[in-house]
Amino acid sequence: MSVPGTVAVVGGGTMGAGIAHVFLAAGSRVVLAEADADRAAAGADAVAASLRKAQERGKIASADAALTGLTTVDSLAALPADTALAVEAVPEDLALKKTVLTAVASACPDAVLASNTSSLSITALAEGLPGERVVGMHFFNPVPVQALVELVHHAGLSPEVLARVRGWAEALGKTVIEVRDSPGFATSRLGVFVGLEAIRMLEEGVASAEDIDTGMRLGYAWPMGPLRLTDLVGLDVRLSIAEHLARELGPRFEPPALLREKVARGELGRKSGQGFFTW
């Protein structure tokens with residue numbers, strides 16, 4: 001299967017820019033939507049920088065050629081009606097995501113409505129929307145490099161839509177796993193659980209952050225230790241997901257005090273320059 005002709009990406013942050021990158025590189029037309037013109041321009045700049053880096057590494061032939069397919073809008077109502085796939089990549093807030101998907105459904109009446117959420121209920125997101133076209137499409141950071149896409153299905157999703165989205169993801173060169181809608185899906189539920197335990201071990205003085213991570217890298221062949229991965233994801237993002245999972249699945253996902261303290265101090269990981277490691 002080929003990639004969709006027109007893809008709308010809502011949110012031009014790290015994940016949205018990465019999602020736009022991979023669809024542009026595969027030949028889709030991409031419309032990047034942001035809340036205002038300045039944010040839209042910043043998102044476009046991030047996509048361009050990502051594609052140029054890929055060209056320098058020999059991953060794509062021409063960043064400029066890919067960028068000819070990129071346009072931006074600062075209103076969801078301005079998204080093209082012929083959009084085949086719309087992917088929202090806005091912050092992990094259920095009300096915000098529902099508002100975005102509702103507006104996209106109005107502007108793009110035939111589009112598959114995909115959420116890049118890493119933990120929120122797809123069933124809840126689909127309520128009040130054409131649920132047969134609402135799917136979880138969870139990419140991983142950095143999107144151009146990471147091979148996995150986690151597709152999350154709910155009871156109302158059309159099997160034909162799920163198969164179509166799987167084909168699109170595979171056309172990007174991604175490996176797809178399919179997961180039933182449940183808190184944290186497969187990847188966040190396991191990844192957050194291990195990350196929280198690593199933080200508790202550091203909190204209790206079991207070992208240093210470096211040694212905990214080295215143990216998982218060399219002992220279990222992880223490409224990156226759980227604490228450095230938490231820094232990469234963002235301690236604030238991990239805290240938010242852990243709080244959601246604690247509400248849904250119980251106290252085993254209760255965030256450690258050390259995680260809360262670091263977030264309160266603004267030690268958010270790579271994006272702030274300091275987390276469990278100095279960046």
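Modeller: Before we dig in, a word on helix packing: axes are lines fitted to C-alpha atoms, for helices over the stretch in contact, and angles run from 0 to 180 degrees between N-to-C directions. Also, this is a predicted model.

Biologist: Good to know. So at what angle do H7 and H10 pack, and how far apart are their axes?

Modeller: The angle between H7 and H10 is about 110°, and their axes are 10 Å apart. Angles of 65 to 115 degrees count as roughly perpendicular, so H7 is roughly perpendicular to H10.

Biologist: Which residues in H7 and H10 meet?

Modeller: From H7 you have Ser 188, Arg 189, Gly 191, Val 192, Gly 195 and Leu 196. They meet Arg 238, Ile 241, Ala 242, Leu 245 and Leu 249 in H10. By class, that contact has six nonpolar, three polar and two charged residues.

Biologist: And H9 with H10, what's the angle there?

Modeller: Helix H9, residues 226-233, packs on helix H10, residues 235-249, at about 100°, with the axes 6 Å apart. That makes H9 roughly perpendicular to H10 as well.

Biologist: Who meets whom between H9 and H10, and which residues are they?

Modeller: On the H9 side they are Pro 226, Thr 230, Asp 231 and Val 233, and on the H10 side Leu 235, Val 237 and Arg 238. The residues of this contact divide into four nonpolar, one polar and two charged.

Biologist: What follows H9?

Modeller: Gly 234, and its phi is positive, near 110°.

Biologist: Staying with H9, which of its residues are buried?

Modeller: Pro 226, Leu 227, Thr 230, Asp 231 and Leu 232. Those buried residues pack against helix H7 (187-203), helix H8 (209-220) and H10.

Biologist: Let's hop to the backbone. Where is the cis peptide bond?

Modeller: The bond from Asn 141 to Pro 142 is cis, and its omega is near 0°. Pro 142 sits in the loop between strand S6 (134-139) and strand S7 (148-153).

Biologist: Is Phe 185 buried or exposed?

Modeller: Buried means under 20% relative accessible area. Phe 185 has 3%, so it counts as buried.

Biologist: And Ala 221, what's its phi?

Modeller: Ala 221 has a positive phi too, of about 60°, and it is not a glycine. Its place is in the loop between H8 and H9. Ala 221 counts as exposed, because its relative accessibility is 65% and exposed means over 50%.

Biologist: New topic: Gly 43. Where is it found?

Modeller: In helix H2, which covers residues 37-56. Gly 43 is buried, at 1% relative accessibility.

Biologist: What does Gly 43 touch, not counting residues up to four places away in sequence?

Modeller: Its contacts are Gly 12, Ala 17 and Leu 32. There is also Gly 11, which lies 32 residues from Gly 43 along the chain, with 7.8 Å between their C-alpha atoms.

Biologist: And how far apart are Glu 248 and Gly 184?

Modeller: Glu 248 and Gly 184 are 64 residues apart in sequence and 9.3 Å apart in space, C-alpha to C-alpha. Glu 248 belongs to helix H10 and counts as partly exposed, at 48% relative accessibility.

Biologist: Zooming out, how many helices and strands are there in the protein?

Modeller: Eleven helices and eight strands. The C-alpha atoms fill a box of roughly 55 × 45 × 35 Å along the principal axes.

Biologist: What is the radius of gyration of the protein?

Modeller: It is 19 Å, which agrees with the value near 19 Å that a compact globule of 279 residues would have.

Biologist: What share of the residues is buried?

Modeller: Buried residues are 51% of the 279. The accessible surface is about 12,300 Å², and 54% of it belongs to carbon and sulfur atoms.

Biologist: Last one: of the contacts between residues at least 6 apart in sequence, what percentage join residues at least 24 apart?

Modeller: That comes to 66%.

Terms used:
Residues numbered from 1 in each chain as written. Predicted model: local features only at pLDDT ≥ 70, side-chain atom pairs only at ≥ 80, totals over all residues. Heavy atoms only, no water. Helix = DSSP H or I, 4+ residues; strand = E, 2+ residues; numbered from the N terminus. Parallel < 35°, antiparallel > 145°, perpendicular 65-115°, else oblique. Contact = heavy atoms within 4.5 Å. Nonpolar A, V, L, I, M, F, W, Y, C, P; charged D, E, K, R; others polar. Rg over C-alpha atoms; globule rule 2.2 N^0.38 Å. Buried < 20%, exposed > 50% of the residue type's maximum accessible area, 1.4 Å probe, protein only. Areas by Shrake-Rupley, 256 points an atom, 1.4 Å probe, with all protein chains shown as cover.
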